Amino acid sequence: VWSLHKSHLPAAWILLPAAALGLGSVRFVLRHPERWRLNLLILIGTGYALQLAFAFTEGRGMDALSSQYLGGGHGRLARAATEQRSPLRLVTSYGQLLDTGELVSFPHATRPPGAVLFLVGMERLSRVWGEGEEGDSPPALERLSSLAAWTLPLLTYLTVIPLFGICRRLYGTSAAAWVAPSLYLFIPNVTLMTLHLDQCLFPLLAWTCVYTAVRGLDTGHPGWAVGAGVLLYLSLFVSFGLIALAPILLLLGLLWKRAGREQQRLLKATGLYSLLLGAGWLATYVTFHALFGYDAVAQFRFGMAAHQAFKVLDWTLSATLYFAGLDALEFALWCGPAVSVLTVAEMRRVLWTARRGLSALGGGTSDAESLAAGRHHSVVLTFAIVIGLLALFGKTAAETGRLWIFLVPLVLMAAAGALMRLRRGGDQWHRHLLLICALQFVTVLVIKRHQDFF
């Protein structure tokens with residue numbers, strides 16, 4: 001019987017079927033775009049299989065994943081989660097735990113309590129997983145790492161659900177709505193940065209928040225905008241880096257309405273949307289402060305100060321420009337050259353169009369096509385502005401391949417626009433998408449063999 005814990009199979013025996021599965025799944029989805037429930041299940045299952053397949057090529061079975069929580073940056077957070085006796089105390093006394101050294105400054109000082117709290121919840125859940133294995137590590141950590149190895153790769157690809165929800169509002173039920181969700185399966189940092197919360201949890205939270213906001217912009221129902229504000233707060237409760245969601249939500253609120261050419265009501269609608277968004281955030285802030293004594297603003301300021309202290313960089317103009325270019329290049333390479341080239345080409349085209357005025361961003365042959373084109377441009381403009389702000393003012397030196405993973409859906413929606421214009425009639429662009437997926441798969445393989453991430 002073949003054991004998942006040991007394998008002497010050549011890597012090709014694992015990766016060739018994985019590649020066939022990935023490309024076959026994309027081909028099926030493109031041929032049956034209307035079967036969205038089945039397609040989502042196929043993409044999630046295929047992504048899960050691809051992530052495990054690349055881990056199995058190490059010849060260690062599931063140990064290639066579970067060992068990530070037994071040392072390094074993964075291990076510090078996981079070990080802290082196993083040492084917490086009271087999840088409530090973690091929220092109510094987070095600052096005190098840092099001051100007393102019960103939680104060490106690195107990595108906890110730069111993170112809100114939500115990240116550790118998520119792992120605490122997983123550790124509690126892992127108690128039904130088993131009693132752990134004999135070895136040097138504590139049984140609780142063994143249980144947590146084993147559960148994480150099986151479940152977090154699945155959590156990673158749940159992001160395709162809100163991503164498809166947004167794409168469907170751009171392209172309807174056509175095959176075009178499946179381009180970005182399909183490409184998500186072949187992104188190197190999504191596939192290889194296994195078990196990092198930046199990879200599996202943060203994008204899901206971020207894009208559930210964005211989908212909720214877009215749903216509110218489309219329907220005009222105030223509950224969706226308030227809900228987006230609540231999700232924005234919860235996103236910041238698990239990662240300060242998701243502060244970039246704030247400009248994303250505000251820019252989409254402005255540009256999405258412009259795409260619909262609702263010029264007369266634009267200011268009023270955008271103002272109401274922003275007010276409801278802020279109300280949802282503020283209501284959650286007050287609730288957490290009243291119930292748990294947790295001050296999100298104070299903790300954010302403390303975390304940012306700690307982040308700068310760890311980086312120890314003098315942010316002169318030359319250093320800012322240098323690291324802005326380096327960070328953007330690193331992120332582009334971790335997204336894959338094929339996708340990144342398409343994204344840059346689309347950003348250039350949309351920015352050039354925007355110079356003629358935002359009113360020129362539609363440009364379809366029918367009202368529906370014009371609306372879709374305008375909304376697509378609003379997404380690309382949002383990405384261009386946010387990535388520029390992060391690169392110049394985010395004060396991050398490297399690691400953007402991991403820190404900016406939550407921006408990957410924006411990258412893919414921009415790339416989808418460029419890919420769609422490659423068509424010369426019929427479904428020829430389907431073949432182009434399959435070619436891009438194949439190139440991305442090769443990129444993942446090359447990075448897997450030569451990366452120095454871990």
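1. Glu 346 is buried, with a relative accessible area of 0% (buried means under 20% relative accessible area, exposed over 50%, and partly exposed in between, with a 1.4 Å probe and protein chains only). Its side chain meets that of Arg 421 in a salt bridge, at 2.0 Å from N to O (the term requires a side-chain nitrogen of Lys or Arg within 4 Å of a carboxyl oxygen of Asp or Glu). This pair joins distant parts of the chain, since Glu 346 lies in helix α20 (residues 337-354) and Arg 421 in the loop between α23 (408-420) and α24 (428-450), 75 residues apart. Arg 421 counts as partly exposed, at 38% relative accessibility.

2. On provenance, this is a predicted model, in which local features need pLDDT of at least 70 and side-chain atom pairs count only at pLDDT 80 or more, whereas totals for chains, interfaces and linings use all residues. Residues are numbered from 1 along each chain as its sequence is written, and side-chain values use heavy atoms, with hydrogens and water left out.

3. His 376, in helix α21 (residues 367-393), counts as buried at 5% relative accessibility. Beyond its neighbours within four places in sequence, His 376 has contacts that include Glu 346, Arg 349 and Leu 170 (contact means heavy atoms within 4.5 Å; helices are DSSP runs of H or I, at least four residues, numbered from the N terminus).

4. Elsewhere, Glu 123, Arg 124, Arg 127 and Arg 143 are linked in a network of salt bridges.

Key. Helices (H or I, at least four residues) and strands (E, at least two) are DSSP runs, numbered from the N terminus.
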